[in-house]
Amino acid sequence: MSPRPISDAATFEVYRNAVTGLADEMAITILRTAHSQIVASSMDFSAALCDASGRVIAQANTCPVHLGSIPEAMGAVLTAFGDSVRPGDVYLLNDPDLGGMHLPDIFAIAPVFTSGQELLGYSVTVVNHVDVGGWAAGSMAVQSTSIFAEGVQIPPSRLCDAGTLNETFLALILRNVREPDLLRGDLEAQLAACHAGGEGLKELAERHGTDGLAALNEELLAYSETLLRSALAEAPDGAYAFEDFIDDDGMGSPPIPFRVTVTITGDTLHVDFTGSSPQVASALNATESFTRSASYAAIQGALGSDIPANSGFYRPLTFTIPEASILNGRRPSARGARGLVAYRIIDTVLGALAPVFPDRVPAAGDGGPDSVAIGITGENGTTNVLWDILCGAWGARPDRDGVDGVSPLGANLANVPVEELEQSGHVRIDGYGYLPDTGGPGRWRGGLSTFRDMTVLAPTVSVQIRSDRRTHLPYGLQGGAQGTPSSNILNPGTPLEQILPAKVVQLLAAGERHRHVTAGGGGHGDPFTRDPDRVLRDVLDGKVTASAATRDYGVVVTPEGAIDTAATRRRRAAGRH
Amino acid sequence: MPGPALTDPDGSWRVAADIGGTFTDVIALGPGGRVVPVKVLSTPPDFGSGVLGGTRAALSAADALPHQVTAMLHATTVATNAILEMRGARTALVTTRGFRDVLELGRLRRPLLYDLSWQRPVPLVPRRHRYEIDQRITADGRLEPPADSAELARVAAEIRAEGLEAVAVCLINSYVRPEEERRVAAELRALLPGAYVTASVDITPQMQEYERTSTAVVNSYVGPQVHDYVTALGAGLREAGVSAPLMIMQSSGGLLDAPSVVGRPVQIIESGPAAGVIAVRKLSQLMGLDSVVAFDMGGTTAKASLIENGEPFVAGDYEVGGGMNITRGMGKGAGYALRVPSIDIAEVGAGGGSVISTDVAGSLRVGPESAGSRPGPACYGNGGTSPTLTDANVVLGYLSSQALAGGRVTIEPDLARQAIAPVAQDLGVDIPAAARGAYEVAVSSMTKAVKAVTSERGRDPREAVMVAFGGAGPLYGAAIARELGIDTVIVPVHTGLFSSLGLLVADTERQAVVPHRADLDALDLLGAEFDRMAKEVTEALREAAPSAHTEVQRVFDMRYRGQRFELSVTVPDGKLDPGLMASVRQRFHAEHHRTYGRAGTDELVEIVNLRVRGRVRNPVSVERLLSLPQSAPRAETTRGCRFDRTEPTPVIPRAALSPEPRQGPLVIEDMDATTLVPPAATAHRDRFNNIVISWTTTVPEATP
């Protein structure tokens, strides 16, 4: 076993409690003071604390794919300002080539000093702002072909200089975005959170001393490292390969491959993405940091959730990420829709880890939250942006069904209440719920698809949709079937019905109706071994139809709602094999 | 119907009954402030018989007759248990076509980030019992179309055929046009005699369909059981000769007459914890304390809340059934959402039964597993072997072998040592050091709960006084206070029963809330709406307490435009004119600045809800309850207690403490709780018989 990193177990645990609580306190500050729907309702933001050398010490319970990208952002700030960091400074950045992820995600990072001017660490926040300019409302359109079309680019910059806000710089940013009041309000929420984190960190330094704090941080990192190494040491050595796809780049490309080989050697793990797609013409390009971030989330999910996520967790992990690939786009490629890449990376890495941790890794879920951004331009030339985020299913687990309708592993997003969307007066929501027979059949069933039907009330709106998993479906495991495709349908059930592409920007007129359906999750294990009572329960609940029960599960349900035991036995004996 | 008498006639008794997991506490308060406590075993699933038995026992111990009881006050877990044990009514949901899955989808978030084995709590209404009807209320309040009576009759027939006992109705946008939803509920009620029917807008008339649906469903799910329980208990009390009306504690901290509770049982989910906070509230008013942290620790959880200027903070949203309180703040999704006023209580899974463990990397954890009351801590000798906080406290010398539950539970110190030994071995330290480590870890986790209600709300804990109570609270209060820079810790008499005492002194309360609407923009209309609400709560309270005076408090929930979270601002008495509104806005800016460190401008302020609270004051002063319980005089003894090192520590009864501060270390033993005074602190007894622990000395704790 690895050496124990902790000198005093009680002091260590006391510190760990305090510093993780502090990160959550930062997140709560953002949540309660943010002004936009995407932050306050959907909760698309993250918060963390770093030590004086920029290593992540504690994360809030926010978005995993953001959190793993923080080291890169910190690195960019240290490169730019490391020599001149002063109390009262706040740094901003969103530039994907200089520490950022995609333009809507703006980092605000504040150094924390003791009263004796000693640097203790950094409060880090990142918020997905509702709009940062560019050609399409919401700034995340898949069809962008250059970062210069995607909005305002902020290299690592000093927003506050020793406590003085640079008004000119802020005014420049605000002039370039569609909802300046919301951006300012959400940015102020970030600053408030940075302040809360800083005050808390100062208190901890008073208690433990600056050196004591540094020593405890080392222990915290070593602790996560030790737990991860010990888990990896127990896993079988070997190289595990997997392949998955994004259907297309939204501009007519062939399927986009994601190839990974995960190699476990002793207590280390190497992730090699060689063979994955070169960067694409559209905005589906990630950054290297984001690719690592998504991989961390997958690995942590596969290992279980107990290990504190911090920079120590990252130490036993190494990466090969090809240059100028979809995983590591090169300037000036567009990056706005890179979220989808992260979700596919997670699916691919988890697929590779499935044989390593067969009792923990689930089948594939819906493949990422589908985002629907609705832009409404008013007569006075201002534009409102309504965000709707649709999360569908989790894949089936080795010992239980997938969850129906939940945020995917890579994120922890909330939906926007129907009544809140409708209060805008621009749209009406006609339905929101599950669709039957959409969860991949298995001994354990995949989660169901979620649909949302919307009717346009405003004279015209532009709808920007990012979705996938229409031709390359969520995979099943161990004999479980794959899930079902996502879809976008305009005016369903009318003579004007039209199937829209999965990734599209479309103008809709008043009275037009749009249906979005998320993909259904993959199944786990042979469906003909599923407990018939579970199948019956799904039939009674309308989650599986009676005909699908017979076809997919070999379970015959009578019109009265009971299992026909004899027919089921016959059907299952005949099998599909 | 009659209410509690305003002033107690001579020879009258008030009885409070508080149900806990293991014991039901019954306290009778009689002439001259005589307090007669009785502890009986709880009697699940029929908790009422424990209450009746305890009431008889208390009256008999007090030599009182049932007809002398003028008030019967109750905190009950019946609603909570129905949810935790999934034993509520078989319930139907009736909702707008297209939205039956709102209840199950919730807000999509999960409480833990990386746990791929997470399961959503099972919906209280299975999908097959969620009925959609072809009606729609638009966002601006038009009916396109209205609900159709023929369709409702069909749905009612299905509900009847399925044998469902309760119905929740929640229509999309019903908050804009509540009368439509009430009509649907009324028709269903007429069609389904005997069924318990809830219209969501009658419980929470606010926007956000999931929170409203979930609240209505919980109300209907627990409604029939609460009805049966309250009816049976009332009958049992009358049979026993107690004719005083039954009053039940609400989550918001006010008592309400039983018949009213039956209509809104969702309001009594946090009945017991609220009673404890109210006891502290009354104590803080008596003592004139501005800012008080109420800290309550028992066998499984520790709870903290903040009382400012005599008023607890009330939260509009919380979750029930999510296990311990990981549901607060960023962890939503673990339980069932409720939108009803509830005292804001932060809870962590740390109690006497919390299990101590280590992991491969050498960290020391306390909880979240608990040994519960069966088998309980190893030292109980009931076959438990897991080391718990209680075992650690025995090893440390803090708890004597007779210290728990008035000596009912005998403690075996050897078993405690044996249980802690493997932890010590894993950490490479001696057994007392391991036990002390666990004590400190528990302190840090409970410190988080106190921070959640103070510093996270912009309140400096150093400006507060802590009141520590519950069976284990006084063992930890001083240490937690030290962490937070709180100078003074008060341990009141009847510490282990303090929650029940809250029932005896609580006010009777009713609240009303309506969301702000566009048609309330004019100040006179806003004022008229407040008047209407005040009349509504006053009249409702008059039914419960006919002759009493009702105090009315008006509150706005306010926020800056775009925000999704509100702050509550009390509206001063007087006509709602521009001057008054200016002062309200000023209060809002100040509160926002205090809570979040910044404030915006007037143009951005919006009113979200109007709230009215009506309150009928309880005639009993908490002072009457604070006399020193009778106990046989005991000589001072000394035993070794382990702090940073082992120190000979005097052990005394509360009565032996004087108004003169005495230097720690010190162990003070009451019948039902033990108070620990650490070495660098002092303790004295004040005129209310409180133990007052002070950290005012600047001498650091002795180091080895």
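## Chain A: how much is buried

Of the 577 residues of chain A, 64% count as buried in this predicted model. A compact globule with 577 residues would have a radius of gyration near 25 Å, and chain A agrees with this because its value is 24 Å. Taken along the principal axes, the C-alpha atoms of chain A fill a box of roughly 80 × 70 × 40 Å.

The chain contains 14 helices and 20 strands. If you look at contacts in chain A with a separation of 6 or more, 74% of them are between residues 24 or more positions apart.

## Chain B and its confidence

Now for the partner chain. Chain B has 704 residues, of which 57% count as buried. A compact globule with 704 residues would have a radius of gyration near 27 Å; chain B has 26 Å, which agrees. Its C-alpha trace spans about 80 × 65 × 60 Å along the principal axes. You will find 16 helices and 33 strands in chain B, and residues 24 or more positions apart make up 68% of its contacts with a separation of 6 or more.

The average pLDDT of chain B is 90, and 95% of the residues score at least 70. In residues 1-7 of chain B, however, the pLDDT is below 50, and this stretch has 19 contacts in the model beyond near neighbours in sequence. The pLDDT is also below 50 over residues 698-704 of chain B, a stretch with 13 such contacts beyond near neighbours in sequence. Where pLDDT is low, the predicted coordinates should not be read in detail.

## Where the chains meet

For the model, ipTM is 0.93 and pTM is 0.93.

## Nonpolar cores

The largest nonpolar core has 373 residues. Among those with the most contacts inside this core are A:Ile30, A:Val349, B:Ile27 and B:Val169. Let's visit one of them: leaving out residues up to four places away in sequence, A:Ile30 touches A:Val39, A:Phe45, A:Ala47, A:Thr125, A:Val127, A:Ala189, A:Gln190 and A:Ala193. A second, separate core has 22 residues, including B:Phe556, B:Val584, B:Phe588 and B:Val605.

## A strand with two partners

Strand β12 (residues 370-377) of chain A is mostly covered, with seven of its eight residues buried. Which way do β12(A) and strand β13 (residues 383-390) of chain A run, parallel or antiparallel? They run antiparallel, joined by eight bridges. In this pairing, A:Ile374 stands opposite A:Leu386. The two strands, β12(A) and β13(A), form a hairpin with five residues between them, and A:Gly381 in the turn has a positive phi of about 90°.

On strand β16 (residues 460-466) of chain A, β12(A) has another antiparallel pairing, over five bridges. There, A:Val372 has A:Ile465 as its bridge partner.

Most residues other than glycine have a negative phi, and most peptide bonds are trans. Here are some exceptions to look for. A:Arg469, in the loop between β16 and β17 (487-490) of chain A, has a positive phi near 55°. Why does A:Arg469 count as buried? It has 31 C-beta neighbours inside 10 Å, and 20 or more is enough to be buried. B:His494 also has a positive phi, of about 55°, and lies in the loop between β22 and α14 (498-505) of chain B. B:His494 counts as buried because it has 25 C-beta neighbours inside 10 Å.

Chain B also has cis peptide bonds. One joins B:Glu144 and B:Pro145, with omega about 0°, and B:Pro145 is in the loop between β6 (130-133) and α4 (149-161) of chain B. Another runs from B:Gly367 to B:Pro368, with omega near 0°, and B:Pro368 belongs to strand β20 (residues 364-370) of chain B.

Technical notes. Residues are numbered from 1 along each chain as its sequence is written. Chains are lettered from A and ligands numbered from 1 in the order in which they are written. This is a predicted model: local features need pLDDT of at least 70, side-chain atom pairs count only at pLDDT 80 or more; totals for chains, interfaces and linings use all residues. pLDDT is the predictor's confidence in each residue, from 0 to 100. Two residues are in contact if their C-beta atoms, placed from the backbone, lie within 7 Å. Helices (H or I, at least four residues) and strands (E, at least two) are DSSP runs, numbered from the N terminus. The radius of gyration is taken over C-alpha atoms; the globule rule is 2.2 Å times the number of residues to the power 0.38. A residue is buried if 20 or more other C-beta atoms lie within 10 Å of its own, exposed if 12 or fewer, and partly exposed in between; C-beta atoms are placed from the backbone. Two strands pair if DSSP finds at least two bridges between them. A nonpolar core is a set of buried Ala, Val, Leu, Ile, Met, Phe, Trp, Tyr and Cys residues joined through C-beta atoms within 7 Å.
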